[in-house]
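Open the model in your viewer and keep the selection tool at hand.

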Amino acid sequence: MSLSLLGSLEKALLAGLALGLIATIIDYIRMLKLRQKLPPGPFPLPLVGNHFQTPSIRPWIEWEKWTEYYNSPMITLWIGRHPRIILNDAWTASDLLEKKSDIFSSRPRLILMGDVINATKTNQTTLPYGDRWRVHRKLILMEVVNFVVPGVFIMETLPFLSKLPSWLYKFPSQLSFGAACMWRYFYLLTEEGAKASEDNFSKILMNSQEKSGLTDVEVGGLAGNLIGGGVDTTSSTMISCVLAMCAFPDVQRKAQAEIDSVISADRSPTWEDLDTKLPYIVALVKEVLRWRSVAILAGIPHANTKDVEYKGYHFPAGTNMIGNLWAIHRNPRDFPDPDVFRPERFLNGLERPYPNAKGSNPFGWGRRQCSGQPFAEQGLLYSLTRLIWAFDLKAGLDNNQGKEVKLDIFAYTESENMRPEPFKARFIPRSEKIHRLVMEEAAVAREALRKYDGETKLTMEDASRNPAWV
Ligand code: HEM
């Protein structure tokens, strides 16, 4: 290579670097100016913001502390060049996400959970507020995954990484391909389900595909949301209840006393019993949803469709708003001794003022609130009542001395859909008669469900032969 060519390359490189530096400085000035109009928070660095200041494991615990440190119900966290507002207080979250729900019902731009897996314009949970979302909403459903936790994935901080060619950085294209296979897999399952003789949700979805013009990816997403949004959330809440019953035996005894006072010994609880006759149990289910809220960052962030001025702050349209339920549901002002499991907080009305009549927000806020809420609440009430009616739930025994193990009520998974770490528990039938009833009813249920027996032959391999791209 001639010396003059080397010289020109050097100059071009230097010019590129200088331009990059100038662009970074201008952008940093923009960030710092905007920062002055936003709630307090740690000082951001250029390009990466607070990426290195927020823990990647259970960040909600640290954010709760920041609210105290900055003496502010909301804090600003910069993920890359963009601010995220962490709402750590029920009243502030309600002012914005509930009272201004006509403005705060959209979703912000999400890289991993949206763009990279082709969900931004196709999945109910991430769709911006608008007509397409309404079509999905009518058909119900969610998929809460850990990609939503800010500060964990570098791609959320530096979105350009998702656009790099795959020979340079494989992760986005691998993720995108995996998602396309997954959407196809759920689509094929829906298609298969729609052929069954009984009525089912797959039939509704396949019919709507024609009527509403849903794409294969949208149908796959709606079907997958049922599993992603419905199964893990409900089962984790049930496990939290078992933990609470073992750790707070007095509450369990009160609940059983109430059930026993309403239900005779020779039958199990029914829907009719649940309606009005078991207020303590109803309060107990509310308390589980508050005590260890499964969707600890309230699902997916909200975003505003217009600029908003609030308490001297300015939130430009599209600001990413995250409700930190860990902080909100453990605020001692609203819930004294927050880690104590006490259904009385919700018995005979609310013990303390709260911005909504229900007294907590496990299902989120406003128009974007969980579309499976009634289904989840009824399912939990029914299943937990029957569980507490049937069994004495006690901590398990250790292997050596046969003593009860000590349970840790803070031992939860790192997932944003959190559930207790595995723990030992004993399910002891409360009487011989109850034991017999449970076995008899299980046999009847088994027969009733037999028509749904069967296993799909579809595999991910089938799906990967024809991935569903947008
Ligand atoms: C204990 C059970 C459940 C909890 C705690 C829960 C919690 C949540 C939360 C916090 C959100 C976000 C709300 C917001 O953005 O303000 C949400 C959204 C959603 N949930 Fe649930 N959920 C549960 C069960 C279910 C079930 C059983 C289904 C489906 C049958 C479901 C489907 C959805 C869907 C589709 C969305 C997205 C709504 C939208 O963006 O329009 N969830 N859920």
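Predicted model: local features only at pLDDT ≥ 70, side-chain atom pairs only at ≥ 80, totals over all residues.

Next, select residues 171-194, helix α7, together with residues 216-247, helix α9. The axes of α7 and α9 are 7 Å apart and meet at an angle of about 80 degrees, which makes α7 roughly perpendicular to α9. To see the contact, show M182, W183, R184, F186, Y187, L189 and T190 on α7, and D216, V217, V219, G220, G221, A223 and G224 on α9. Coloured by type, the residues of this contact are 8 nonpolar, 4 polar and 2 charged.

Now move to the largest nonpolar core, which has 33 residues. Centre the view on I86 and M321, the residues with the most contacts inside this core. Elements that each supply at least two of its residues are α2 (59-69), β1 (74-79), β2 (82-87), α3 (90-98), β6 (320-323) and α13. The largest share, 5 residues, comes from β1.

Stay on M321 and display its contacts beyond four places in sequence: I85, L87, L96, L97, F104, P301, H302 and A303. For the last stop, select L243, M245, L278 and I388, which are among the 24 residues of another core, lying apart from the largest one.

Key:
Residues numbered from 1 in each chain as written. Axes fitted to C-alpha atoms, helices over the stretch in contact; angles between N-to-C directions. Helix = DSSP H or I, 4+ residues; strand = E, 2+ residues; numbered from the N terminus. Parallel < 35°, antiparallel > 145°, perpendicular 65-115°, else oblique. Contact = placed C-beta atoms within 7 Å. Nonpolar A, V, L, I, M, F, W, Y, C, P; charged D, E, K, R; others polar. Core = buried A, V, L, I, M, F, W, Y, C linked by C-beta atoms within 7 Å. Buried ≥ 20, exposed ≤ 12 C-beta atoms within 10 Å, placed from the backbone.
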